[in-house]
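Subject: Structure handover

Hello,

Here is the structure I promised to pass on. Please open it first, then read my notes below.

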Amino acid sequence: MRTRKLGLLFLLPLLAVIISLMTSANGFAAAPEPGKELLWPGGAPGATGGGDLDKPTLWIYQPDESMRNGASVVICPGGGYRGIAIDHEGHQVAKWLNENGVTAFILTYRKAPEYHHPAPMQDVQRAIRTVRARAQEWKIDPQRIGVLGFSAGGHLASTAATHFDAGDKNAADSIERASCRPDFAVLVYPVISFTTEYAHVGSRNNLLGENPDPERVKQFSNELQVTPETPPAFLIHTTEDSGVPAENSILFYLAMRKAGVSAEMHIFEKGKHGFGLGPNDPVLSQWPKLCIDWMKQRGMLEK
């Protein structure tokens, strides 16, 4: 009997370790390891080289099967169209979405100085088309595909929400036959306007060049491109943001109202630019929950 008790005492810590490894911090079964794929296995359009910077990719984060609800989101990290904040505006965000049953795809898009417009837009459109075309494979609903972006990635996400098409039904590539319109957009301290005093000049120049055509600047000042076909949007900003002023979100929200498109906006008082999910701030850390509540209200998270 004594030997049996000693054996159990030895096994209990081992079982605890195994259980810990099999579960997440929230008590759910751990999600599978993320995959990574090229958006264009045969080479991106307009690619100028064959290095990693010339190859836009999708990181694929699948939720645990027991939590999967069929919704999906393409994530566009920020970085001023010159870098990609892949951790706090990418991987951390994908894990948060997985915890809420959402399949997440992190887009690493082409950026300056090697690339300017139209490369980033081509990449986000291709990402949305890919997710929609392969919806059955990834067990997602092709009518519940969102786009989420931070800062300049928010500009790219708002570009996806205002510049889209139904796909080319005659394309040889099955992915190009799919629509690139997102079903909803989440914009976090987004760059939006290129024509006003609130423009983030660095993002504009990195995307369009130092002396862009005024019509092109207007074309990608996305508050000017909202129409009744623009998908619903959820916007987050802070008054304290001096890098990308909150007026960017406000202008987009007002354009949505004018077009009769549903939108929800939260502007927090405190918070510097680039806070991501706000994990270390008791106030800013509430926005992910607000976003999930908004998605639920819109029926995006129903199994």
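A residue counts as buried when its relative accessible area is under 20%. By that cut-off, 49% of the 303 residues of the chain are buried. Please keep in mind that this is a predicted model.

**Overall picture**

The chain holds nine helices and eight strands. It exposes about 14,200 Å². Carbon and sulfur atoms supply 54% of that area. Now take the contacts in the chain with a separation of 6 or more: residues 24 or more positions apart account for 76% of them.

**Confidence**

The average pLDDT of the chain is 92, and 90% of the residues score at least 70. Strand β3 (residues 72-76) has the highest confidence, at 99. Helix α1 (residues 2-22) has the lowest, with a mean of 44. Over residues 1-29 the pLDDT is below 50. Beyond near neighbours in sequence, that stretch has 12 contacts in the model. Where pLDDT is low, the predicted coordinates should not be read in detail.

**Strand β6**

Start your tour here. Is strand β6 (residues 184-188) largely enclosed or left open by the rest of the structure? It is largely enclosed, because five of its five residues are buried. In a regular strand the side chains alternate between the two faces of the sheet. In β6, both faces are covered. Phe184, Val186 and Val188 are buried on one side. Ala185 and Leu187 are buried on the other.

Next, its partners. Strand β5 (residues 145-150) runs parallel to β6, and five bridges join the two. Phe150 stands opposite Val188 of β6. Together with helix α5 (residues 152-162), β5 and β6 make a right-handed β-α-β unit. β6 also pairs with strand β7 (residues 233-238), again in the parallel sense, over four bridges. There, Ala185 has Ala233 of β7 as its bridge partner.

**Salt bridges**

Side chains of opposite charge can pair when their charged atoms come close. How many salt bridges does the model have? The count comes to 13.

Look at Arg126 and Asp173. They form a salt bridge, and their closest N and O atoms are 2.8 Å apart. Arg126 lies in helix α3 (residues 119-133) and Asp173 in the loop between α5 and β6, so the pair ties together parts that are 47 residues apart in sequence. Arg126 is buried, at a relative accessible area of 4%. Asp173 counts as partly exposed, at 30% relative accessibility.

Asp293 forms a salt bridge with Lys289, with the closest N and O atoms 3.0 Å apart. Both residues lie in helix α9 (residues 287-297). They are four residues apart, about one turn of the helix. Asp293 counts as partly exposed, with a relative accessibility of 33%.

Which residues do salt bridges with shared partners join into one network? They are Arg126, Arg129, Asp165, Asp173 and Glu176.

One more pair to check: Arg134 forms a salt bridge with Glu137, and the closest N and O atoms are 2.8 Å apart.

**Where to look**

For a quick view, colour β5, α5 and β6 and follow the right-handed unit they make. Then turn to Arg126 and find its salt bridge with Asp173.

Best regards

Terms used. Residues numbered from 1 in each chain as written. Predicted model: local features only at pLDDT ≥ 70, side-chain atom pairs only at ≥ 80, totals over all residues. Heavy atoms only, no water. Buried < 20%, exposed > 50% of the residue type's maximum accessible area, 1.4 Å probe, protein only. Pairing = 2+ DSSP bridges. Right-handed = clockwise from strand over helix to strand, strands pointing away. Contact = heavy atoms within 4.5 Å. Areas by Shrake-Rupley, 256 points an atom, 1.4 Å probe, with all protein chains shown as cover. pLDDT = per-residue confidence, 0-100. Salt bridge = Lys/Arg side-chain N within 4 Å of Asp/Glu carboxyl O.
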